Amino acid sequence: MAPNTGFTLWLTGMSGTGKSTTAAYIAARLRQVGRNVEVLDEGELQNDLWAGIGDTKDERNMVVRRLGFVAGLLARNGTAVLVPCVSPYKSSREEVRRSVGKYVEVYVDCPTEKLIERDTTGKYKKALNGEIPNFIGITEPYEPPTSPEVTIYSDTESVEDGGTKIFQALLDLGLMTTDELKIITGKKMKANPLPAKKARRDEEEAPARVAAVKAAKTPKADKGSKGAKARPATRAARVGKPAPAAKKKAVKGKAR
């Protein structure tokens, strides 16, 4: 087993992309090689960690910070922490990256059209009809990661394929060993050298992490999200065009 066993695997993406399914798949296989694992699923922890909190941008960022704080505590004590969470805003995800330390970001991507097609909860349809306000990807933007460690395209890749990508990244980052992965995959995987950009970022961020933890305690205005490109939300806006009633309602609300 790797000497430093704790890390945070943060799975971000719009609702219904398969974050929780992927996290469960990875967790089962980490336990197979004796790792201490915890899954902090945004959907399952709502009543315990943020009951009564709404869905404004500031409130969503607060949820991300709380999950990040718990993940950091667990990871520093040798736990592999998996966090499937929509976490739509770049600024709060980067804040968690700086404070947690061993942070691996997994972007679970899927075209909005596909998410609407395969939605079994009916939430996307309701959001398009204006019945659910502040729905990420429809009436509120989702800001995709700029340079995640792993990107999974859940509309074309299987859970197993996505899992292989994640395990390769964990091996490349020195967070898992070849022996562990041979037990999990049945194959001998080789570590790939880190891209120069990623290696430089790790070196630059390491000295700043202590300062970031202190700074996180001080409330401050949310910067950096203004003008961010929200690619999936743009797709959703195109899909939502046939629902003029919802569009009119959204414009009214903005005027108020």
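**Salt bridges and a helix contact in a predicted model**

User: How many salt bridges does a search of the whole structure find?

Analyst: The structure is a predicted model, and what follows is computed from its atoms. When the whole structure is searched for salt bridges, the number found is seven.

User: Which residue forms a salt bridge with Arg 65, and which helix is that partner in?

Analyst: The closest N and O atoms of the pair are 3.0 Å apart, and the partner of Arg 65 is Glu 95. The two residues are 30 apart and link distant parts of the chain, with Arg 65 in helix 3 (residues 57–76). The partner, Glu 95, lies in helix 4 (residues 90–100).

User: Is Glu 95 buried or exposed?

Analyst: Buried means under 20% relative accessible area, whereas Arg 65, at 33%, counts as partly exposed. Because the relative accessible area of Glu 95 is 15%, Glu 95 is buried.

User: Which parts of the structure does the salt bridge between Arg 93 and Glu 105 tie together?

Analyst: In this salt bridge the closest N and O atoms of Arg 93 and Glu 105 are 3.3 Å apart.

User: Are Arg 93 and Glu 105 buried or exposed?

Analyst: The relative accessibility of Arg 93 is 1%, so Arg 93 counts as buried. For Glu 105 the relative accessible area is 2%, and Glu 105 is therefore also classed as buried.

User: Why are Glu 94 and Arg 97 separated by about one helical turn?

Analyst: The side chains of Glu 94 and Arg 97 meet in a salt bridge, at 3.6 Å from N to O. Glu 94 is partly exposed at 27%, whereas Arg 97 is buried at 2%. The separation is about one helical turn because, within helix 4, Glu 94 and Arg 97 are three residues apart.

User: Is helix 2 roughly parallel or roughly perpendicular to helix 3?

Analyst: Helix 2 (residues 42–49) packs against helix 3 with axes 12 Å apart and an angle of about 95°. The contact is made by Glu 42, Leu 45 and Leu 49 of helix 2 with Val 63, Arg 66 and Leu 67 of helix 3, and by class these are four nonpolar, no polar and two charged residues. Because angles of 65 to 115 degrees count as such, helix 2 is, relative to helix 3, roughly perpendicular.

Note on methods:
Residues are numbered from 1 along each chain as its sequence is written. This is a predicted model: local features need pLDDT of at least 70, side-chain atom pairs count only at pLDDT 80 or more; totals for chains, interfaces and linings use all residues. Side-chain values use heavy atoms; hydrogens and water are left out. A salt bridge is a side-chain nitrogen of Lys or Arg within 4 Å of a carboxyl oxygen of Asp or Glu. Helices (H or I, at least four residues) and strands (E, at least two) are DSSP runs, numbered from the N terminus. Buried means under 20% relative accessible area, exposed over 50%, partly exposed in between (1.4 Å probe, protein chains only). Axes are lines fitted to C-alpha atoms, for helices over the stretch in contact, and angles run from 0 to 180 degrees between N-to-C directions. Angles under 35 degrees count as roughly parallel, over 145 as roughly antiparallel, 65 to 115 as roughly perpendicular and the rest as oblique. Contact means heavy atoms within 4.5 Å. Ala, Val, Leu, Ile, Met, Phe, Trp, Tyr, Cys and Pro count as nonpolar, Asp, Glu, Lys and Arg as charged, and the others, Gly among them, as polar.
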